[in-house]
Amino acid sequence: MILILRSLEVLGGMTQVFLKCIAELRYRRPSIKDILDQTYEVGISSLPLIVVMGFSSGMVMTLQFGLGLEPFGGKPYVPKVMALSVFLELAPVFTALMGAARMGAGMASEIGSMTVTQQIDAMRALGTSPYQKIILPRIIACLLSFPILTLLTCVLALTSTAIIGVTELGLDLLFITQKFYSSITLWEFLSGFLKSFGFALCVALPACYFGLNVKDGTRGVGRATTMAVVTACVLIFISDYFMTKFYWVIYPYGSQ
Amino acid sequence: MAHSKQKLLSVHQLRKSFGSKLIHKDVSFDVHQGECLGLLGGSGSGKSVILRSMIGLEKIDSGTIEFKEHQLHSINEEDWLPIRKQIAYVFQNGALFDSLTVEENLLYPLQSHSSLSLTESKKLITTRLNEVDLFDTESLYPSELSGGMQKRVGLVRATILDPELILYDEPTAGLDPKNTNNIRDSILVMKSKGYSSIFVSHDMATAIAVCDRIILLREGSIVAEATPQELKIQNHPIRQFIEGTQ
Ligand SMILES: Nc1ncnc2c1ncn2[C@@H]1O[C@H](COP(=O)(O)OP(=O)(O)OP(=O)(O)O)[C@@H](O)[C@H]1O
Ligand SMILES: [Mg+2]
C-alpha cells in the first residue's frame with residue numbers, strides 16, 4: 001500500500017518536473033553552450049561503456065543464435081534475426097539501461113549535491129531559474145544523446161555480428177550485409193529510434209526529480225541516486241511495452 | 001531616526017509550520033528605508049525560515065509580507081524573479097557554486113541581469129572583492145577558500161546587483177574575531193551606501209555595532225524590541241536571553 005502511494009508520489013513529482021520544463025520554455029531558452037556542455041558530458045563520457053556493451057552483446061547473441069540454430073540448419077537466418085532484435089529491442093533498451101547507470105546516476109547525484117549545499121536555492125535567490133540553468137540543459141542533452149548512442153549501439157552490435165558470423169559461423173560477409181540491408185526497413189529503424197527519445201525521459205526525469213528533492217544531507221544524495229537509477233530502469237521496462245504497443249497501433253507493420 | 005522613514009518591508013502575522021510542527025505562530029515586524037534591523041533568536045527558532053520566506057524559498061501558511069508595492073505572500077514563481085533582484089539573501093554558508101571559480105560565481109548574477117560588458121563586469125568584481133578584503137582570489141574555486149572567505153564571496157555575490165534590501169543569515173557565525181570584523185565592516189560599508197537590511201544572528205556584539213533596532217524571536221513570535229543603546233545595559237531581557245541567563 002505504502003509502495004503504491006510512494007510510486008504515485010514519484011510519478012506526480014516527475015510529471016511536475018516535466019510540466020515545469022515546458023512552462024519554462026515559454027519564458028526562457030536554456031543557453032546552447034549549457035546544452036552542448038551537458039551533451040558532451042552525458043554523451044561522450046558514456047561512449048566507452050556503450051562501445052563495450054554494443055560490441056560484446058552483439059558477439060554473444062550471434063554466437064548463441066548461430067550455435068543454437070545450427071542443428072536445424074538455421075544459421076543463414078542469424079543475420080536477419082540479429083538485425084531485427086538489435087534494432088527493435090536490444091539497442092534501445094540496453095543503451096537506455098547503460099544511460100540510467102551512467103548518466104542518470106551522475107545527474108541525480110550532481111543535482112542532489114547542489115540541492116543540499118543550497119546552490120539550487122542560491123540560483124533562485126539570485127533571481128534566476130534552476131530549470132533554465134540546470135534541469136533543461138540536462139534533459140535536452142539526454143534527448144539529443146540517447147538516439148545517437150542507440151544508433152551507435154546498433155552499428156557496433158551488427159558489426160560484431162558480421163565478424164562472428166564470418167569467423168565462427170562461416171557465413172559470407174556479402175550475404176550477411178545483404179540480409180541486414182533487406183531486414184531493416186524504415187519501420188524497424190523508427191521503432192527503436194523513436195523509443196530512445198522516450199527512454200531519455202525515463203532516465204532524465206527521475207534523475208532531476210530525486211536530485212531536486214534530496215533531504216537530509218549527504219546520505220540523502222546517495223539514496224536519491226539509487227532511487228533515480230532504480231526508477232529509471234523500472235520505467236524503461238514498463239514504458240518499452242507501452243511504446244511498442246502504441247507504435248504498432250499508429251503505424252502497423254506492413255502498411256508501409 | 002529610522003522610524004521616521006518610509007516602510008520598505010512589512011511582515012504581518014506570519015504563520016508557518018512544517019507538517020504538524022508549528023515554527024511561527026504570529027510574527028510581525030517592519031523594516032524601514034535605510035535601516036538595519038537585527039533579528040536575534042535561539043538556534044532552531046526559525047530565523048532562517050523567516051528570511052527564506054521573504055524571497056519565496058519557503059511558502060508561508062498565512063499572514064502577509066509586503067515589500068514596496070508587492071504582496072510577496074501571494075505571487076507566483078515567475079513573478080518572483082524580478083523581485084529577487086531587489087532582495088539579496090546572503091546564505092548562512094555562502095552557498096557558492098562549487099563548480100565555478102570565484103569570478104564565475106560573481107559573473108553569474110551579472111550576466112543574468114545586468115547589461116555590463118565582460119570587461120566592465122570583471123572590473124566591478126575586482127573592486128567589490130577588494131572592498132571585503134579579498135585580493136587575487138578571482139581564479140580560485142570555493143573549495144580553495146576558508147569558510148570566512150566563502151561567506152564574504154557569498155556576500156559580494158548577493159549584493160553585486162545593488163539590491164534594496166539585504167538579508168544576512170548569520171554572517172558571522174563560526175568565524176574568528178578577525179573575519180568577524182571583516183564582515184562587520186563590509187556590512188557597515190553596505191549600510192553607508194544606503195541599503196536596508198535584516199541582520200540575523202546570535203552575535204550580540206556585531207548586532208549592536210551594525211543594527212539600528214533589534215528584535216527578539218522566541219517561540220514563534222517577536223517578544224521584545226530594543227535599540228543598541230538599550231542593549232548595552234547589562235540586564236536587558238534580550239541580552240539575558242542571548243547570553244542564556246534567562
Ligand atoms: N524544510 C524543512 N522541513 C522541515 N522542517 C524544517 C525545514 N526547514 C526548517 N525546519 C525546521 O524549522 C526550525 C527552524 O529552522 P531554522 O533553520 O529557521 O532555524 P534558525 O533559527 O535559522 O537556526 P540556526 O540558528 O541554527 O540557523 C527547525 O526546527 C527546523 O527543524
Ligand atoms: Mg539559520
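## Where the chains meet

Two residues are in contact when they have heavy atoms within 4.5 Å of each other. With that in hand, let us look at how the two chains of this predicted model touch. Chain B brings 22 residues to the contact, and chain A brings 14 residues. The area buried between the two chains is about 1700 Å², with 54% of it from carbon and sulfur atoms; buried area is the accessible area (1.4 Å probe) that two parts lose on being put together, summed over both. On the side of chain B, three residues stand out: B:E78, B:F97 and B:Y108 supply 30% of the area that this chain buries against chain A, more than any other three residues.

## Chain A

Chain A has nine helices and zero strands, so its elements, read from the N terminus, run α-α-α-α-α-α-α-α-α. Helices (H or I, at least four residues) and strands (E, at least two) are DSSP runs, numbered from the N terminus. The C-alpha trace spans about 70 × 45 × 35 Å along its principal axes.

Of the 256 residues in chain A, 48% are buried, where buried means under 20% relative accessible area (1.4 Å probe, protein chains only). Among its contacts between residues at least 6 apart in sequence, 86% join residues at least 24 apart. The accessible surface of chain A is about 12500 Å², and carbon and sulfur atoms hold 72% of it; such areas come from the Shrake-Rupley method with a 1.4 Å probe, and for residues only the protein chains shown count as cover.

## Chain B

Chain B has nine helices and ten strands. Its radius of gyration is 18 Å, close to the 18 Å that the globule rule gives for 246 residues, so chain B is as compact as a globular protein of that length. The radius is taken over C-alpha atoms, and the rule is 2.2 Å times the number of residues to the power 0.38. The C-alpha atoms fill a box of roughly 50 × 40 × 40 Å along the principal axes.

Buried residues make up 52% of the 246 residues in chain B. The chain exposes about 10800 Å², of which carbon and sulfur atoms supply 49%.

## Reading the numbers

Residues are numbered from 1 along each chain as its sequence is written, while chains are lettered from A and ligands numbered from 1 in the order in which they are written. Local features need pLDDT of at least 70, side-chain atom pairs count only at pLDDT 80 or more, and totals for chains, interfaces and linings use all residues, while side-chain values use heavy atoms, leaving out hydrogens and water.

Key: Buried means under 20% relative accessible area, exposed over 50%, partly exposed in between (1.4 Å probe, protein chains only).
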